[in-house]
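Student: I've got a structure open and I'd like to learn how to read it. Can you walk me through its features?

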Amino acid sequence: MRRAGVVDSARGLGPHDHVCWSYDDPAEFVARSVEFLAEGLELGQRVCYVGAGSVEGLIGDLAGLPGGGEALRDGSLQVMSLDERYRTTEAVVPAQQVRAYAEATEAALADGFGGLRVAADVTALVRSAAQLDAFCAYEPLVNRYTATRPYSALCGYDRRELGADVIAELACLHPVASAGASPFWLYAESDDSMVLGGELDFRGRELLPAALGRTRPRPGGDLVVDVADLTFTDHHGLFTLSDFARRDGGSLTLRGLRSGPARLLGLLGIADVRVEARR
Amino acid sequence: MRTGPAHGHVGYFHETAFYGSDEEFVSFAGPFVRDGLEAGEPTVVSCADANEKLVREAVGDVSGVTFLPAADQYSRPTNAIKRFRDEFTSLARTGAPQIRVIGDVPHPGTGAPWDWWARYEAAVNHAFDEFQLWGLCPYDTRTTPAEVLADVERTHPVIASADGAHVRNARFERPEEFFVRRGRARPDVLESRSPSLLLVDPTPAAVRRAVRDAAAATSVAEAEVDDLVFAASEAVTNGLTHGRGPVRFRLWSDDQHLVLTVTDQGDGPADPLVGLVPTTKTATAGLGLWLTYHTCSYVTLDRHDEGFTVRVVGGTPRLVD
């Protein structure tokens, strides 16, 4: 079972968690990475720290990691430059990158670890529009992988450089995010279902259609969206969801929709949406 | 061909009638329904129980009449407009040259706040005008407050007189004029003290939290709180996106009800029907307000010297006298 929602630290996360951390101060992301990786080591996972700049500099970031030196020597801690880990300084190739992490995860398992845990500052990989687009395609794919395999990740994004809008575009594609990064979260664990939580108001009006398209890039028929943790939606959110399902030519079931928005569906005459109690 | 006084009229023939006794009510309601049935015009009666009984007795064979109990039909103005429009649309399919409807609009004399029904009476001049409809709104002068009667005169282009005449009403105002010239809506008694919360240019998320927190200390039911949270969120979003800042959110509550107002410095929506009829243009404020009107127990829109205010009440409003 993975976590979903907003967190205020990188502690207490499990082997399937995928977190977006946006920061204004690089030292903050270093501190979160140390928390995240330290717990990974405690859980018996191979941990990996990735960032821009030299490997020496990155190793320096982890001075506060308990047992870091020894972990580096025995291979339970890996430190890599972005270039080496993502094999590009340009746009990622989504499926290839997921495969690379899958291979690294399987290698960690083969080496006797419980899984792989990565903290990576990927700001440099989302600077241009093309890079951002590629990364926004990659994040949902990696969600699918982490759902079933013991791969957990903390993705760092520099808000000063990227701005709040780009952060929101990325953050909403992570099951877990730091506070204020995105008003909602959306991810899929299978072809015919999604999880949508948080709040849908005017802040999410443009974000949601894009996020839906990225999470389910190809029309796929019937869709179930678990909205049990969707604490608010306005009518635009409901229209967007039903329009998206219609694009797919399939039915839409909203599982666990609150009674308020369920009544709005009726008033708005959105008849092609089924509301189901939470299982 | 339309029978009766609307002969030759195109669209909605919106008439009121004032009466001071049951006999007087029957003197125009009886012929209104009977003549409609005789002419084969679809005839709808949406009266309070006592008046419906009087109509049934006066008409005798009411098998051709559509009865829509007023308590359901007039639960809220927006619901009433939607239900009537749906009904008229289906009746118009019969190809009848005219539809007749007689209905008892609620007011403080029957236990309902008036302001939104005043808006209703003005707005239906537009909202029903696509139908070849003769609507008769009787008001009982024994129970109807004077301020309501004054608004009724300003919103009905025709008045039925006791002698059976149908008089063009010189005091009628177009809905657009009525909304501008009418005074401010009656506030809730809670508003006489300072609000328990005032937020300037808040995020809708902050307002939603504030409403939930305040509602938790009241007896307002959870489903109604959801509606109130939606209403507050929409009103603030509309103020921030369509109004002129700063946008002020105010909240009052006691243990039984909640009043919230959202004020911006702009003129408010220009459309006199805003909130009362659904709009297909979701980019405008209309649909959120329409849903608010549908779901909340009292909603007012006020244009005033300081700008534009949306008021929403959760629980039962206690308006000042």
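Student: How many residues of chain A are in contact with chain B?

Tutor: Two residues are in contact if their C-beta atoms, placed from the backbone, lie within 7 Å. Here, 14 residues of chain A are in contact with 18 residues of chain B. Bear in mind that this is a predicted model, where local features need pLDDT of at least 70, side-chain atom pairs count only at pLDDT 80 or more, and totals for chains, interfaces and linings use all residues. Residues are numbered from 1 along each chain as its sequence is written, while chains are lettered from A and ligands numbered from 1 in the order in which they are written.

Student: Which elements give two or more residues to that side of chain A?

Tutor: Helices (H or I, at least four residues) and strands (E, at least two) are DSSP runs, numbered from the N terminus. On chain A, the elements are helix H9 (235-247) and helix H10 (259-268). H10(A) gives the largest share, five residues.

Student: Now chain B. How is it divided?

Tutor: Domain bounds come from an automatic or database domain assignment. Chain B splits into domain 1 (4-181) and domain 2 (189-314), with their C-alpha centres 30 Å apart. Across that boundary, 18 residues of domain 1 of chain B are in contact with 12 residues of domain 2 of chain B.

Student: Which element gives the largest share of the domain 1 side?

Tutor: That's H5(B), with eight residues. For classes, Ala, Val, Leu, Ile, Met, Phe, Trp, Tyr, Cys and Pro count as nonpolar, Asp, Glu, Lys and Arg as charged, and the others, Gly among them, as polar. The side of domain 1 of chain B that touches domain 2 of chain B has 11 nonpolar, three polar and four charged residues.

Student: What about the overall build of chain B?

Tutor: Chain B has 10 helices and 12 strands. The radius of gyration is taken over C-alpha atoms, and the globule rule is 2.2 Å times the number of residues to the power 0.38. Chain B comes out at 21 Å, close to the 20 Å the rule gives for 321 residues, so it is as compact as a globular protein of that length. Its C-alpha atoms fill a box of roughly 60 × 35 × 35 Å, taken along the principal axes.
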